[in-house]
Amino acid sequence: MHRYIIGRLLFAIVVVLAASVLVWLLTHWVGDPVKLLLPLDASRDQVEQLRSSLGLDQPLWVQFKAFAAKAVRGDFGDSLWQRRPAMTVAMERLPATIKLVGAAFLVAVILAIPLGVLASIKPGSALDRVTSILALQGVCIPDFWLGLLMMMLFSVKLGWLPTSGIGGFNYLILPALTLSLRPMGRMAQMVRSAMLDQLGEQYVTTARAKGVSELKVVLVHALKNAAISIVTIAGWELGRMLAGYTVVVEWLFTWPGIGMLVIQAIDNWDFPLLQASVILIGVTVSMVNLFVDLSYSFFDPRIRGED
Amino acid sequence: MSWKKVLVLLLALVLVGTLAAACKKKEEPKAGPTPGQQEPKKEEPKKEEPKKEEPKVIDKPLVIGMGADPNSLDPHALNDGNERLITANIFEPLVRQLPTSFELKPLLATKWENVNDTTWRFWLRNDVKFHNGEPFNAESVAGTVKRALNPELNSGYLDLWEGISDAKVVEPFVVDIITKDRNPLVPMRMAWFPMMDPKYVQSVGKDVVEKAVGTGPYKLVKWDRGSGIELARNDAYWGPKPAIGKVTFKFQKEDATRLMALRNGEVHIARDMLPEFKDQMPGFKSISGVEFPVFRINAKHPILKDKRIRQALNYAVDKEALKDQLYSGFARVTQCQQGKVEFPGGNPNLKPYPLDVAKAKQLLADAGYKGQKIEMIGERGRWLKDGELIEAVGAMVKDIGVNVDVKILEFSKWLEVYFDLGNPTDLIFVSNSFDLGDQDRPFSGYIASTGRSSTYLDNIPDLDAKILELRSEMDIQKRNAGYAALWERACDDPPWIYLLNLDDIYGVDPNLNFDPRQDQKILVQEITWKK
């Protein structure tokens, strides 16, 4: 068991390191930040001065060495846009993202598991078809379009909820619902398929033959065994939400999280901030993955008994 | 099994119904004014009671929706337009531009004059205090100028302050602004120089980016990064007390979100609205801005050096169609100059090149053009409808028979091409903004052979000398006449394909008295509620 945990932990560290190197290289390859930061008719002196003050006149490997030496101490330099430590800026935005993703994930799980389970009980039935349509809608409807539509309906037309921004619980509803739909759809499909696999197993037939109630067969026996697949897809979706889906939803609803920060960092060509944000997202996603990996041992005793 | 079909059908109906309800307009939006014009003031229906006391001041909180976070609240750091919008209410410069012209009025300075070739003297108000209670005086101005010009700060405003080198205290309320050379634009440049309390700036150090203390009518209350900034009226303000006590600037990056928030009454002024939102906004105001999209022509190119070809390119473009179709009328066709005729030194006698395909073809034939390839470089997403504009102009130029190869690049790649003046491209799209309304910038920067972005002819003997002379000409009338004459030359022998001057569009709550300013600042002290 310990070996398993250490192995997963080391793997998470390698992923974060690789992400750091990749994001550093990409931000240095795609263009000259100095030209992007200065006005179009900036003088050559201004360009040179800014380039040297940012250390960009040094060879690439010297720049990387300096970056790496500081990065291991958690220092990613100052944000060019906000002129404050980049990691501080990124960390400030993380709680908002966690709040949004947490709420959306909760909605997705609460809807997806019952929907998937219900669909799996009678495959091919009307209920199954309705559930499949709902799940498919969730996967197919673009967040951007759905969000705008919900804003028009619930804010502009009905006046029930605010369009955007952060505040009380009512501000959380629209972005969380928008964000939850896609993971909900995919998770419901996965739950259905995992449950169908389990319900076709011999131990289920045995349980039924022994007279165990159908409710117990489904919820206790089959669902527990389907849990590994469900946890895997849930973890995967949680990672995707943190590292991608939030960008569009936060942008649309002006939710001041890390997804919006990434867009702003790109807009402002703020490469230290972009690096800090991407690395922070990388760390968060790796932690989610680690947690999912560790949770397998809870559902599957064979993993626990490895060593 | 038919009940299942009924169930599925019902579900589909519910879905379609929900979508239709969401898409349906709430109510017919009210029409706004004609683009480019101020909304005419509607007369309020007269009430029966003849006696009316002083108009009641309505103090309701105001919310302004803007597209992005400011980079910092240090008014001298990075020039990103968003910070300026907020800090213009916290900090004040010595002079201020009038709302719709380039004339100046006194603000923290009561008067100013040119003392000698390199000195402008400003007399300051003696009743002004910073928000922290410290008095404003000549020391504050000198300290502010020195701090802002310090190369370590690397200010993004240096181009607006060009030529200013120092400031010296003459008397407690008299200060000299020192320039490197003769600099007729110093008063206008000082309208872009917000004053800070130097001792306070030193004491807060790096925190100056979020602890704004100025002399302005509003004080910073709180800044929720990524979300909004709240300001409150400065009750100790030296000038007239603003009607609105509390104002919040909300950051809403997505244009459609700002529109929805405006329609929902969550924001009362929404900045940077798109022309196509015209019929969806409860009210809007627009003003012709300081943004000028053009194509820079490489006049050193073996084909394009012939002015007939460059004229033909100008005759090829249907500017009216671009204005109406692409910008829904929210633009003006420039009068054959990079700027407005209202700019000091603008030439009102020039007319835009009309669309004349026959003449353009004739000019190409006269110049001996034989279908050689011309490269046209553009980008997408940086300026309003830039990609569409580039594609449309490219198609129009093709129509007169020019073998043009249109390439739309990613912005950072576009920048590399734009700055590569050693190997300039044939035609490149750029949008210039002229905040100072100054004519020196287009000529010194883009036409003089020494210009930072010049790809113009460098064999016109008197041109550089004339540009240099006008740059430091202190006699404003002479200077303006000189520029008007230069524009005549630059129209006949064009360095650009002249296009449009875009409007700034604001979505506005109909209950608000608000008129947009040409300098794009939103000064809350100028805004009041109707009811």
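How many cavities of 30 Å³ or more does the structure hold? The structure holds four. The model is a predicted one, in which local features need pLDDT of at least 70, side-chain atom pairs count only at pLDDT 80 or more, and totals for chains, interfaces and linings use all residues. Residues are numbered from 1 along each chain as its sequence is written, chains are lettered from A and ligands numbered from 1 in the order in which they are written, and side-chain values use heavy atoms, with hydrogens and water left out.

A cavity is a set of points, on a 1 Å grid over the protein atoms alone, where a 1.4 Å probe fits but cannot get out. Lining residues have an atom within 4 Å of a point. Grid points are joined across faces, edges and corners, and a volume is the space filled by probe spheres set on the points.

The largest cavity holds about 130 Å³ of space. It is lined by 15 residues, and the closest to its centre are Arg84(B), Thr87(B), Ala88(B), Pro194(B) and Lys521(B). Helix α2 (residues 82-90) of chain B gives the most to this lining, with four residues. Helices (H or I, at least four residues) and strands (E, at least two) are DSSP runs, numbered from the N terminus. By class, the lining of the largest cavity has nine nonpolar, one polar and five charged residues. Here Ala, Val, Leu, Ile, Met, Phe, Trp, Tyr, Cys and Pro count as nonpolar, Asp, Glu, Lys and Arg as charged, and the others, Gly among them, as polar. Domain 1 (57-89 + 216-283 + 509-531) and domain 2 (91-198) of chain B both give residues to the lining of the largest cavity, so this cavity lies between them. The domain bounds come from an automatic or database domain assignment.

The second largest cavity has a volume of about 40 Å³. Its lining includes Asn513(B), Phe514(B), Lys521(B) and Ile527(B). Four nonpolar, one polar and four charged residues make up this lining.

Rings of Phe, Tyr and Trp (its six-membered ring) pair if their centres lie within 6.5 Å; planes under 30 degrees apart count as stacked, over 60 as edge-to-face and the rest as tilted. The ring centres of Phe64(A) and Phe67(A) are 5.9 Å apart and the planes are at 40°, so this pair is tilted. Both residues lie in helix α4 (residues 60-71) of chain A, three residues apart, about one turn of the helix. Phe64(A) is partly exposed, at 27% relative accessibility, whereas Phe67(A) is buried, at 11%. Buried means under 20% relative accessible area, exposed over 50%, and partly exposed in between (1.4 Å probe, protein chains only).

In chain B, the rings of Phe443(B) and Trp487(B) have centres 4.5 Å apart and planes at 50°, so the pair is tilted. This pair links distant parts of the chain: Phe443(B) lies in helix α12 (residues 440-447) and Trp487(B) in helix α14 (residues 476-492), 44 residues apart. Phe443(B) is buried at 1% relative accessibility. Trp487(B) is buried at 0%.

The charged end of Arg225(B) is over the ring of Trp223(B), 3.9 Å from its centre. The criterion is NZ of Lys or CZ of Arg within 6 Å of the ring centre and within 35 degrees of the ring normal.

Definitions and conventions. On a 1 Å grid over the protein atoms alone, a cavity is a set of points where a 1.4 Å probe fits but cannot get out, and a pocket is an open set with protein on both sides within 12 Å along at least five of seven lines; lining residues have an atom within 4 Å of a point.
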